[in-house]
Amino acid sequence: MGHSTLAPLILLLVVMALLLPAPAAAAEAQVDLQYGPLPVFELHSGFWINLHHTLYGQARQSRDSRGSPSGTGATTRRTPSEQLAWDAAVSYYAANYQDKDLLFNTELILLKNQLGDFEQCDELSGAKKKTCDAGLPARLTRILDAAAPVYRTHEWPEHDRANRKWIAGVSPLVRVKGVELSQRLAEIYQTRWPKERIRVDVSAFANYAGAYTTLDPLRVIISSTDPRNQGSSALEVLFHEASNGIAEPVQLAINRECRQRDKAIPRDLWHALVFYTTGEIIKPVVNAENVGTDGGEYMPYAFRERLYQRGWDDYLKLLDRFWQPYLDGKATFDDAIAHIVSAL
């Protein structure tokens, strides 16, 4: 009798549970949770990070030329009140941030990290929820909270779709090859890959390079709309940016060898080396993925974007001659660095 009475009630409760809206936290869950937690990286499409970079990009563009940067919704039609709030935000960024570099300016790095930490919040003042007080300067908080509804209505849906599409494209290879690639790169750079997954904020707009990495904590920003970051290149850009955060042993080794030989430390040699290394490690993975398709042989980012033709040609010759044997297991790390510096 108890079972027959309870059965309809249980069924009713189950139906009601299915009809209830999902909790807010679930609705705002980050993109990689769709695929289950990925190894190595934690991929985000965060509202505040995207708003921040969009405003920064428009402020920089208004300084350099007329119009708006790609991916910032230049043709959006806003109401007069929306336009007023948006113009105030762009003007604030122009006055305070447009001459500061996203990669090197401490203020912008801290702001970017803070906005990422509060991405689940609808506002940043803590007025609706105390735990959403982001601790930003009062005027900046008001500016962002006023611009947020405008951005959420107009640009954000398109930006979020682009971010999620980018993440969906790169996630399968990260799931299958992420651990293997991270271990290989850490081995090459004589270091350890971080134990915690590296946070990657995917944004419609990033910076002039289309991606950048900041340290302490190690976080990566990648543009989902930059043409340089699309298709098979997405995987290389992802691991290149992460490598920028772990390749310090290379920099230290180059500096040490230069001091021993009383040579000037070459600008960007370590960065050229990281581009070269990531490309060589990613190439066979992408080529294997493209077997049976019309994708052809994968061309690493630095070659495709002609970075070596912009002052790195001599570095390329040294990397081909001395670093490639190390990657092939035919030379030691110390010997490779010593020969590179000796031949400068």
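Modeller: Let's begin with pockets. On a 1 Å grid over the protein atoms alone, a cavity is a set of points where a 1.4 Å probe fits but cannot get out, while a pocket is an open set with protein on both sides within 12 Å along at least five of seven lines; lining residues have an atom within 4 Å of a point. Grid points are joined across faces, edges and corners, and a volume is the space filled by probe spheres set on the points. As a ground rule, this is a predicted model, where local features need pLDDT of at least 70, side-chain atom pairs count only at pLDDT 80 or more, and totals for chains, interfaces and linings use all residues. Residues are numbered from 1 along each chain as its sequence is written, and side-chain values use heavy atoms, with hydrogens and water left out.

Colleague: Okay, so what volume does the largest pocket have, and which residues lie nearest its centre?

Modeller: The general idea is that rolling a probe the size of a water molecule over the atoms shows where empty space is left. Here the largest pocket comes to about 1,100 Å³. Its lining has 33 residues, and Leu103, Phe104, Tyr208, Asn244 and His271 lie nearest the centre. Sorted by class, the lining has 15 nonpolar, 9 polar and 9 charged residues. For those classes, Ala, Val, Leu, Ile, Met, Phe, Trp, Tyr, Cys and Pro are nonpolar, Asp, Glu, Lys and Arg are charged, and the others, Gly among them, are polar.

Colleague: Which helix gives the most to that lining?

Modeller: That's α8, with 5 residues. Helices (H or I, at least four residues) and strands (E, at least two) are DSSP runs, numbered from the N terminus. At least two lining residues each come from β3 (211-214), α8 (233-244), α9 (248-260) and α10 (269-289). The whole protein has 13 helices and 4 strands.

Colleague: Is α8 mostly covered or open?

Modeller: Covered: 12 of its 12 residues are buried, among them Glu236, His240 and Asn244. Buried means under 20% relative accessible area, exposed over 50%, and partly exposed in between (1.4 Å probe, protein chains only). Across the 344 residues of the protein, 48% are buried.

Colleague: How do I check a helix's length, and where does α10 bend?

Modeller: The expected span is 1.5 Å times one less than the number of residues. The 12 residues of α8 should therefore span 16 Å, and its end C-alpha atoms are 16 Å apart, which agrees. With 21 residues, α10 reaches 30 Å from first C-alpha to last, close to the 30 Å expected. For bends, take the angle between axes fitted to the seven residues ending at a residue and the seven starting there. On that test α10 bends by about 30° at Lys283, and Pro284 follows within four residues. Since 15 of its 21 residues are buried, α10 is largely enclosed by the rest of the structure.

Colleague: And contacts? What does Leu115 touch?

Modeller: Contact means heavy atoms within 4.5 Å. Leu115 is in helix α5 (residues 106-117) and is buried, at 1% relative accessible area. Leaving aside neighbours within four places in sequence, Leu115 is in contact with Trp48, Ile49, His52, Leu124, Leu136 and Leu144. Of the protein's contacts between residues at least 6 apart in sequence, 70% join residues at least 24 apart.

Colleague: Last one: how do I read the backbone angles?

Modeller: Most residues other than glycine have a negative phi, and most peptide bonds are trans. In this model, Val40 has a positive phi of about 75°; Val40 sits in the loop between α2 (24-27) and β1 (41-44). Asp262 also has a positive phi, near 55°, in the loop between α9 and α10.

Colleague: Is each of those two buried or exposed?

Modeller: Val40 is buried, at 10% relative accessible area, whereas Asp262 is exposed at 73%. As for the peptide bonds, a cis one joins Asp216 and Pro217, with omega about 5°. Pro217 lies in the loop between β3 and β4 (219-223) and is partly exposed, at 39%.
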